[in-house]
Each structure stands twice: as C-alpha cells, then as structure tokens.
Amino acid sequence: MAQAKNDVLSGTLALLVLKTLARGAMHGYGITLHIQRVSNEALRVEEGSLYPALHRMEQDGWIRAEWGLSDNNRRARFYELTSKGRKQLAQEEKNWSQLTEAVASVLQFG
Amino acid sequence: MSLLSRIRGLLGIERLERDLEEELRSHVEMRAQDNIAAGMSPEQARYEAHKQFGNMALMKEDAREMDIVRWLETAEQNFRYAVRMLRRNPGFTAVAILTLALGIGANVATFTVVHAVLLNPLPFPHPEQLVRVYDDLRGSNSGDIGMSVPELWDLRDKSGVFQDISVAWPVDANLTGGERPDRVEFLGTNTNYFTMLGVRAQLGRVYTVEDSQPGFTEGITISDGFWHRVFGGDPNVLGKKIRLDGDLYTILGVLPPGFRHPGRSLGSEVEVFAAAGFNAAPFPVPPLRSVRLLPGTIARLKPGLSVAQAQARLDAFTAELSRDFPVEYPPAAKWGLRLVQVQDDLVGKVRTELLVLFGAVGCVLLIACVNLANLLLARAASRQREIAIRQALGAGRARLIGQLLTESLLLATISGAAALITVIILKGWLLRLAPADIPRLNEVNLSPGVLLFAFAVSIVTGLIFGLTPALQTVRSNQVTNLREGSRGSGSSKHQMKISRSLVASEIALSLVLLIAAGLLLRSFWHLIEVRPGFDPHHVVTAKIWLAVPNDPTKDPYQTPEKRAAFHREVLTRIRGLAGVEQVAVGSQNSLPMSSVHFQLRFTIESMAADSERAPMAEIVGISPDYFPLLKTPLMQGRNFRDEDDSKGQRVAVVNETLARKYWPEGDAVGQHVRFGGVLPQSPNIAWITIVGVVSDIKSDGLDAASAPRIYLPVNQSPSYAMVVYLRANADPGTLGDSVRREVQSIDPSIPVFGVMTMDELVAKYLEQRRFALQLLGVFAGVALLLASIGIYGVMAYTFSQRTNEIGIRMAMGAQRGDILKIAVSEGAVIVVFGVAAGLVGSFVLTRFLQTMLFDVKPTDPITFAAISALLAAVALAACFVPARRATRVDPLVALRHE
C-alpha cells in the first residue's frame, strides 16, 4: 500500500509544508519549489506524497484551499494556514527540536 | 474524521474530483513552463513535467482515499485485525461466542414468543375493533355470568356501538357414523361470525347472514384440522353430510389452516362451527331476558370508536335497560356489560409471565456481557503495551477504539448468527417445552421483526461488552502504560476499580433474578400446600356427553327420568369393573379446575324481602358417592342418598362458603332456596331444602377463593354433560377403555373422552406456574453461576497481580489467616455493594410479579434475606478459592515474582 510508505514521511512532510505555508498562501507547485530551493536541493518533495498530504491536512483543518491566479496568471489552488494549523506547526516544531536535541545528545555521547 | 464530514465528503466527491484534476493539471503546466524557461523544448518540457509528476491517475486515487475509501479501508483493516486477534486466542473466542450465543439465543427465542403472542396483532382485519362482551353482576361480585338472547338482540339492534356481534358458545358434540362415536369441539355462533372476523374459507364458503334460521343452520364450516383428521383432506368434502348429536349437517366450507377461534374452547381447538338464531329448538322458546344461556360473546366495534368510548355508551345503555326491566335487572344486582379487547382477553393471563421471563432472560444476557467485558478488560491489560506502542507511533485514539470495538462487534454478530441458527433448528423442540395453554403459540415464526431483533440485540450486546474495555484501554496515559508494560504488570488501579464495579453490578442483577425465582418458588410451595378440599390420588375421570338433537322429539334423553336412568345404569355397570372401589358422576362443572361454569340466581325463603341482592351460586349436580369418593368432608347435616330422586323431596347440599355467607350463625341446614323462574321449561319452582353443608372444594384453582356452590342430587336434576369419577387401583388407560366399553354397551352412540387422573388434572393446572418457575429458576441459576465466575475471575486476577505484595507480607510474618482475611474482606466489599444494589433493584422490580405470586408479598422479607445470604455466601466462596491459592505460594518465589 502506498499509504504505509507515506505514513513514515508524513510526519516530516507535514512540518515542512506547514512551515512553508507560514510564510503565506502558496500553491502545491510553489511549495515543492520552495522546499527544494530553501534546502539547497537536499529535500525533494514528491508530488505523489504532497497532494495526499495537502488533502489530509485540509481535512484535518490545518490548512484551507482557495482557487486563485498564479504569478503568471495561471489558475491554481492556493493553500493557507488556519489557526489550528498554526498551533499544529508550533507543536510539530517543538517535537522536532526535542527529537533532534535527543538525537544530537546521543550522537555526542556515542 | 467525524462521520458528518465523511458524509459531506461523500456528497461533494464529484466536485472534489474536478478540483483535484484541475489542480494537478495546473501543477504540471507550471512545471512545464519553468522547464521551457530553463531551455527545454515544449515537448520535452511537458514530458519531463509528467515524468516527474508520476502517474496522475494513481495520485488522484491516493488523494481521494482520504474520504470514503480511506474509511472503508480502515473498516476492512479493523475487520481483518479483529479476525486475526480472535483466531490468535481460540480459547477466549470459543468461550465468548458460546456464552453470547446462549444469551442471545435465549433472548431471541423468548422474543419470538413475545412477538407472536403479545406484539403481533391478531390475524384479522382491524383486530383492535374486536372485543369480548362480558355480563357481570357487580352487586354479588359475579363476573362473566353469560348473556341472554334478548340482551344479544338489544346489543345488536339498539346499542349503536357494534358493527357486528356474535355468540361464541363452545360445546361438546358427538360425531356418529364412523367406526365409533367421536367427541368433537363444536362452536355455536351467529351467522355473521365469520364476516365479523373477516375470515374466508380456503375451500367452499363460510356461512353468512343469508343462511340465518331461528334454530341451527344446516350448513356448517369445519376447521382445517378436522378436514384432515376426519376426511383426510379430501377435496370433495363440500356438500358431504355429517351427523352431530343425532342431527345431519352439510359441510359448506373448510377454514384456512391458520384460523383459530379467538376465544375460549372446552378442551381443544374448535373443529366444527355451526350457526344458530337461538330462537327455536333446541333453545328455549321464547327466549327470556333472565335466562343467561349464552356463555361468550364477541363483537366488532363501529369504526373510529375506542373501547373506552364504547364502554361509556354501553354503560348508559345498560342503565336504560335496567330502568326498563326492573324485575330482570334489580338495581342491587348492578348488572353491567364489560368490554375487553379480544387480544387482551386471549393473552391477558400470560402477558405478565412472558414479560417477566423476557426481562429475566435480558438480565442474563446483560450479566454475560458484564462477564465478557471483564474478560476483555483483563485481556486489554496484557495488550496495553502493544496499544501504548501503537499510540506512540501515531495511531489515533478513535482508530484504536474503532479497532477494539470491531473486535467485540464481530464476536457479537458471530454469536448472534449462531444463536439465530440454533433457534431456527430447535424451534419445534423449544415450543414443545412451553405449556400448551399459552395462546397463539401456533403463530410463532421467524418474522422480519424477529430477525431485526436478533440483529439489534447482537449489535447492542457487542457495544455493551466492548465499549468499556475499549475506552479504558486507550484512555490511559501512554507513557505510564509503556512503563507499566515494561514491568510486566497489567492493570492500573483504575482498571481494577472498573472490574470491581462490573462484578458488583453482576451480583446485583443476579440477586434480582434470584429473588424473583425465590418468590415464585415460595408461591408454588404455598400453592401445593393449599388443601384443595379433595383427594386427587387414585381418582380417574372421564367425560360423557349425551347428544342433544335440535329436534326435542328425537332426543332419547329428553326427560330428566331418562337421563337419570342412564346415569344410574352407568354407575351400576362401572361399579362392577375390576379394581374399582368407588364410582360417582357429576355435571361438567363438578370437575375441579375446569373452566365450565353454570351460575344461577337463587332466592332464599327466609330472606325473601332481600331478594334484590340476587344471590348467585354455581349449580352442580352430583351422585351420592361424589363427596365420599373425593374425600370431601361433610360439615353439617347429611349427604345425598339414592332415594333423593324425582319422587323424593327436593334437596340440596351447599358448600361452606355459601353457608357462611348467608347463614353465618351456622343454621343453613333446613333452610329453603329456589331458582326463581330461571329455568322455564322445568316446572320446578318448588322450594329446595338444604340438607347438608360440605367443606369447600377449590374448584376454580388452588389460588382462587371458592365460589358459593349449591349441589343438587343428579337424580333430581340430571344433566347432559357428565363427568364419571372412579377411585380405583388400576391403570387409568385400561380403565378408560373399560368405561368406554360399558357406556357404549348401554348406548353405542355416546363417546367417552377426556380420560385423565385427577393428579394429572392438578398437575396440568400447576403447569403454567411450574413452567414460569422452572424457567426463571434456570435463568437465576445461570446468573448465579456467571456472577460467581465473574467474582472468581476478578479476585484470581487481583491476587496474581499481588503475588509480590503477598510474598512481602508473608516474609514479614503475616500468617495465612491474615492474608485470607484481607482477601475475603476485599471480596466482601464487592459483594456488599452488589447485594445492596440488588436489594434496591428487587424492591423496585418485584412488584411486577404481583399477579404471579400466591400468598407471598412481592417484598417478602424472608425471601429477600435468605436469597441475599445465599448469594453472598456463594460469592464469598468464589473469592475465597483464589485467595487461598495465593497464600499457598512460597514467599521466596512470590518475592522474586516480577
């Protein structure tokens, strides 16, 4: 099942998407470009993971979507954070830093 | 995701799909444009964009599954997981399914009967309009005294309440012309009987108003059973003639198999339906208002009229009639008519019993659920680690609850299906267990209502036993669980508390059932101890019916002398049979526990001025040996003698109840009574002298007060219907045959039927009570067993958890007794709570048993105390066993136990 594979990713992917959207509303393509660019091409977001994740986050009420026009006047679906999503972002950021700290300290002592 | 949003998703699925497609297309195009900007050719750019994107259709699937698909998939996963879990624990699964299937099966079986007997409307159009009409004399507290023909006509023509009204008069009839005379159950009705009920014949036609005659109509309708019994289902039966009581009748039609007369019959199902106008021979002409011949009347109310409204109009109508006929309806007699819906009339007696049993069987299922919940709770404790890990990995609580609930629902539906199949297979056998006098049992079948009930009860059962453990499992803090789990221990304190409350509630429920069974048992004891006023042992009874032809001139037994001679001949011949010690005959209503009544108004000579009170008594004809044979003691005066015949002085013996009622000073003997003008065809308006007072016989059942009775010598008032009594030390079956032979050697056209010992008679009377008692007893026993298992299980689990603690205590010097004391006192807390709750429940609930009790109050303190003590003892024993086992553990082992 594709879902099992996504599940592993979805934790980090959600964090990345939420963080990206914290800067302002953006369409799916824009999100992939942003993550790619900011991570210096280190992180690539598969479209096959992105849209299901976006859809799920929308269902969960973290983000909401609206049709709009892109920079080059193309119709595109723009996603934007809700207040619930903002809280979720804060939570996930915290979790992430805790995890990395924990991993870092293990590495330090290892 | 809430169900609501899921449904919304389902409804908006089309729009969603369009959005998704457009969104994906715009994504690809944006990337292609960027590729062109980076220097690719348009084709290459588009190709790359598509390639990078992957399969668009597949992704659409992925995104869509968030909705209904994801939900369905979750359900499927849950289901597979549940199946896996159940298969991994075959022992647990088997026990659970067996317990539940038994519980659900018992409920489905009981509901099937409740549905057919109580809930299902009678199989007639507008059954709510059908009523029984009862005549009462409220002044002398006499109910159902029968109706006179002029009253019937008044009700039909003038009351304005009924669409239709018909007599329903069950009588015996002699079918002759076959190998030997046969007794048939015969119902005399009016010609509109079938059109009133809305019943058509399966073959031929039913009689209608066009067939009306003053006397009996020649055309009759027969039941499906009679058609098969006598004619072997012959399709050419129409137009055939049969001879009943010497008269020829023509068969007009055969009734459908499911049809049953919705009222009382004498001994079996009605086989022959015949119509009469009740205004010519064999009925007295002209019909008199004071002769209450007609024993039962059924009517159909006008449309739109409720029973209460009809009753109110009828009350006004009877008041008017009473003013018009002051002689027939003396004000002090308080004559009145009472309407009872036919459905209530039929099942009124068993309604309480069925509902009580239904409640009890529901209780047992609830106890089984509680036990199972406890089992799941304990199992959940051992699965807590697994759950905790899954929660830590991100499984949502709703998802976990759904998964656990799927498991219990699966268990419940499997059990429900098993139960339903078992009930279907065992239906015939189960029905045979029920006493025959429960009405409408022939209508029992597995209707959609029953299937729906079975499904609903399974689901509810699954939710009841699954919800608490499921909630409890995911409720607890995952970190603690991981830690607890790592120590290998199981339940949290909270979980134990829930287990204990569950067990306490089990004890409470079983106590309610046990007390109900105890009350019934005490009633039954009291009932058996009632002195019936006769000695039933070694007495065989048989019935004889002298035919009454419609033409009196053809009646060989028309004069009382001829009937008396026949009775004398029967007595003489049977007295000569081997093994027979005593013989007596009596009228139909001389047989105790029979439902046949013959009540008359009488006048007392010395109280003539008070005649308006209209005293009523049951009139019974007997031969002199009746009281000695039944060992009923004579209190005063003398018994009948053979000389008390048509030439002698008219004499009577009265029972104690009547004597005490009218002659409390004890001077009944020597008084005169007469049945003033009630039987016009017999000129005996002469005074009758009371020559003796006899002790009461419990004729209307052991639990009913004796009615006032006047016994007349059979030689002075011989009846057509007779009961023969034999006190003998011979086999009842052969005795019956001998009696038949002797009777038919006198008159070959007379059947002998209803051969029965009086012990059987009493047993049959007790059968329904015995049935209710046995069933409730079994239910209570099962409840007790389940509750004991429940408390045993919880205590055993507690102690296995506390082996360590016990080891420490014992190492510190605690004696075995000390440990036992702690253990038992902990169990006692549960028991005390359970018993207290059960007592409160019983106080509230036992009042519904009222009508099933005899000589016992619903809150009988002795029963309450004794049963509570019994239950407490059993429950404490159940917790003593695991406690003792816990103390046997070697302290060293116990200390090391981790």
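Biologist: Of the 110 residues of chain A, what percentage count as buried?

Modeller: This is a predicted model, and in it 27% of the 110 residues of chain A count as buried, where a residue is called buried if 20 or more other C-beta atoms lie within 10 Å of its own.

Biologist: Which pattern does chain A follow when it is read along the sequence?

Modeller: Chain A has four helices and three strands, and along the sequence they follow the pattern α-β-α-α-β-β-α.

Biologist: Turning to chain B, which residues of helix α9 are buried, and why do they line one face of the helix?

Modeller: An α-helix has 3.6 residues a turn, so residues three or four places apart point the same way. In helix α9 of chain B, which spans residues 224-231, the buried residues are B:Phe226, B:Trp227 and B:Val230. Seen down the axis of α9(B), these buried residues fall within an arc of 105 degrees, so they line one face of the helix.

Biologist: Against what do the buried residues of α9(B) pack, and which residue follows the helix?

Modeller: They pack against three strands of chain B, namely β5 (216-222), β7 (247-254) and β8 (272-276), while the residue that follows α9(B) is B:Gly232, whose phi is positive, near 60 degrees.

Biologist: How many residues of strand β21 of chain B are buried, and which strands are joined to β21(B)?

Modeller: Seven of the eight residues of β21 (721-728) are buried, so the strand is mostly covered by the definition used here. Strand β11 (539-545) of chain B runs antiparallel to β21(B) and is joined to it by seven bridges, with B:Trp545 standing opposite B:Ala721. Strand β12 (580-587) of chain B is also antiparallel to β21(B), again with seven bridges, and here B:Val583 stands opposite B:Leu726.

Note on methods:
Residues are numbered from 1 along each chain as its sequence is written. Chains are lettered from A and ligands numbered from 1 in the order in which they are written. This is a predicted model: local features need pLDDT of at least 70, side-chain atom pairs count only at pLDDT 80 or more; totals for chains, interfaces and linings use all residues. A residue is buried if 20 or more other C-beta atoms lie within 10 Å of its own, exposed if 12 or fewer, and partly exposed in between; C-beta atoms are placed from the backbone. Helices (H or I, at least four residues) and strands (E, at least two) are DSSP runs, numbered from the N terminus. The arc is that of the directions from the helix axis to the C-beta atoms. Two residues are in contact if their C-beta atoms, placed from the backbone, lie within 7 Å. Two strands pair if DSSP finds at least two bridges between them.
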